[in-house]
Amino acid sequence: MEMFPLLRYLNATRETLDSTEVVLPVLNIPKRDYPLKTEVVFWLEKHNILPEMLFFRDEVDLQHQRETGELQLTLVDHHQLAPSDSFLDASVVFILDHRKLERHPQSVPGGIVVEMVGSCCTLVTEQVLARNPALLDSVTASLLYGTIILDTVNLNEAAKRVTPKDVDMIGRLQPLLSSSINRSEIFQQLTNAKANVSGLTSDQLLRKDVKVTSAGDLKVGVASVPMMVKEYLQRPEVGETLSEHCSSEDYSVLVIMGISITGEVVHRDIAIYSPQDHLRNQLVVYLRDAQGEVLQLLPFDSDIVGCSAFLQRNIAASRKVVLPLIKEWLAKENF
């Protein structure tokens with residue numbers, strides 16, 4: 001959702017661009033996966049941004065644009081291209097992300113803005129306010145506002161996602177919105193939309209929000225599901241789904257992270273699935289002991305063959321914490 005305000009910003013700060021150049025927001029997912037992003041679909045359609053107005057990764061031939069020498073890429077909410085897109089590295093001209101840099105890109109002409117805030121939209125808001133605040137009409141401000149609220153669990157300090165800058169940017173966006181706007185109501189609407197997975201299969205839930213990392217021949221998927229993992233594992237034939245999903249995606253290991261938010265109370269749990277017992281057991285031990293047991297894992301029973309499941313008592317440890325631990329494991333094991 002942060003792409004659309006940033007698009008307006010980039011189009012309005014085109015002093016370094018030729019007048020014939022076009023700034024285009026591309027969602028970095030295939031078109032078939034868009035319905036899985038239920039909260040994104042809800043929030044964009046609430047602002048009259050319909051699917052047919054969007055561009056998806058499999059609809060834009062970036063390789064052709066790269067070959068013509070005309071491509072300039074801005075990466076938003078990530079700073080590392082997938083291995084299959086590594087040929088685009090030289091085209092990256094600007095990076096805006098709220099995750100710790102895992103590697104420093106070799107050359108980014110427009111610069112790198114990376115800060116560990118709760119929402120990347122906080123950084124988008126800051127960029128727009130600093131360079132062209134006139135862009136923040138009520139629609140643009142609302143898109144940013146809702147996303148920050150969702151990402152920070154309604155500015156909930158107990159969830160340990162929110163930072164002072166998130167709060168500051170919300171305070172600066174608020175006057176641009178209707179006086180009747182209710183922050184808690186927006187959060188509940190977005191939370192409900194994110195959790196509305198009634199029409200999604202167990203396989204689609206694993207593709208709804210996933211990050212992938214690899215080392216050598218090992219590929220690990222880290223899927224966040226909008227429910228507790230314990231609930232997910234009780235879905236019909238989920239064991240077969242996990243096996244088929246890992247096979248189709250070529251995952252050696254699949255990590256599933258679950259969350260439940262009721263009011264201001266947050267719960268998390270996590271499961272590690274692999275048909276290869278030694279890989280699963282190695283990763284389980286590493287995540288259990290990492291950084292002085294930072295995740296605070298407490299095992300619970302799972303009837304799924306090849307699956308180890310845990311309550312995660314450190315509710316502040318989101319995927320931004322877990323994914324780097326998995327990458328450390330891959331590096332240390334020298335796969």
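The dialogue below treats a predicted model.

Q: How is the radius of gyration of the protein chain to be read against that of a compact globule?
A: The radius is set beside the value that a compact globule with this number of residues would have. For 335 residues that value is near 20 Å, and the protein chain has 20 Å, so the two agree. The C-alpha trace spans about 60 × 50 × 40 Å along its principal axes.

Q: What share of the residues is buried, and what share of the contacts joins residues 24 or more positions apart?
A: Of the 335 residues in the protein chain, 48% are buried. Among contacts with a separation of 6 or more, 62% are between residues 24 or more positions apart. As for the surface, the protein chain exposes about 16500 Å², and carbon and sulfur atoms supply 49% of that area.

Q: Which residues does the annotation "domain: DHHA2" cover?
A: An annotation comes from a record, and its range can then be examined in the model. The UniProt record, an unreviewed entry, places "domain: DHHA2" at residues 187-330. Over this range the chain is 42% helix and 30% strand, and the C-alpha atoms at its ends are 36 Å apart.

Q: Which residues form a nonpolar patch on the surface?
A: The patch consists of Val22, Leu24 and Phe55, which together have about 280 Å² of accessible area. Val22 is placed in the loop between α1 (3-12) and α2 (38-46).

Q: Why does Val22 count as exposed?
A: A residue is called exposed when its relative accessible area is over 50%. Val22 counts as exposed because its relative accessibility is 68%.

Q: Where do Leu155 and Asp250 lie, and what is the phi of each?
A: Leu155 is in the loop between α5 (138-151) and α6 (164-173). Asp250 is in the loop between α10 (238-249) and β6 (253-262). Leu155 is not a glycine, yet its phi is positive, at about 60°. Asp250, also not a glycine, has a positive phi of about 60°.

Q: Are Leu155 and Asp250 buried or exposed?
A: Leu155 counts as buried, because its relative accessibility is 15%. Asp250, at 54%, counts as exposed.

Q: How many salt bridges does the structure hold, and which residues are linked in a network?
A: The structure holds 13 salt bridges. A network of them links Arg32, Asp33, Asp203 and Arg207. Within it, Asp33 pairs with Arg32, and their closest N and O atoms are 3.8 Å apart. Asp33 is buried at 8% relative accessibility, whereas Arg32 is exposed at 57%.

Q: How far apart are N and O in the salt bridge of Asp97 and Arg99?
A: The N to O distance between these side chains is 3.1 Å. Asp97 is buried, with a relative accessible area of 0%, while Arg99 is partly exposed at 22%.

Q: Which parts of the chain does the salt bridge of Arg319 and Asp209 link?
A: The closest N and O atoms of Arg319 and Asp209 are 2.6 Å apart. This pair links distant parts of the chain, 110 residues apart: Arg319 belongs to helix α12 (residues 319-333), and Asp209 to the loop between α8 (202-208) and β4 (210-215). Arg319 is buried at 13%, and Asp209 is partly exposed at 25% relative accessibility.

Conventions
Residues numbered from 1 in each chain as written. Predicted model: local features only at pLDDT ≥ 70, side-chain atom pairs only at ≥ 80, totals over all residues. Heavy atoms only, no water. UniProt positions renumbered as here; feature names shortened; annotations may be inferred. Helix = DSSP H or I, 4+ residues; strand = E, 2+ residues; numbered from the N terminus. Patch = residues over 30% accessible without salt bridge, like charges linked within 9 Å, V, L, I, M, F, W, Y side chains within 5 Å. Areas by Shrake-Rupley, 256 points an atom, 1.4 Å probe, with all protein chains shown as cover. Salt bridge = Lys/Arg side-chain N within 4 Å of Asp/Glu carboxyl O. Buried < 20%, exposed > 50% of the residue type's maximum accessible area, 1.4 Å probe, protein only. Rg over C-alpha atoms; globule rule 2.2 N^0.38 Å. Contact = heavy atoms within 4.5 Å.
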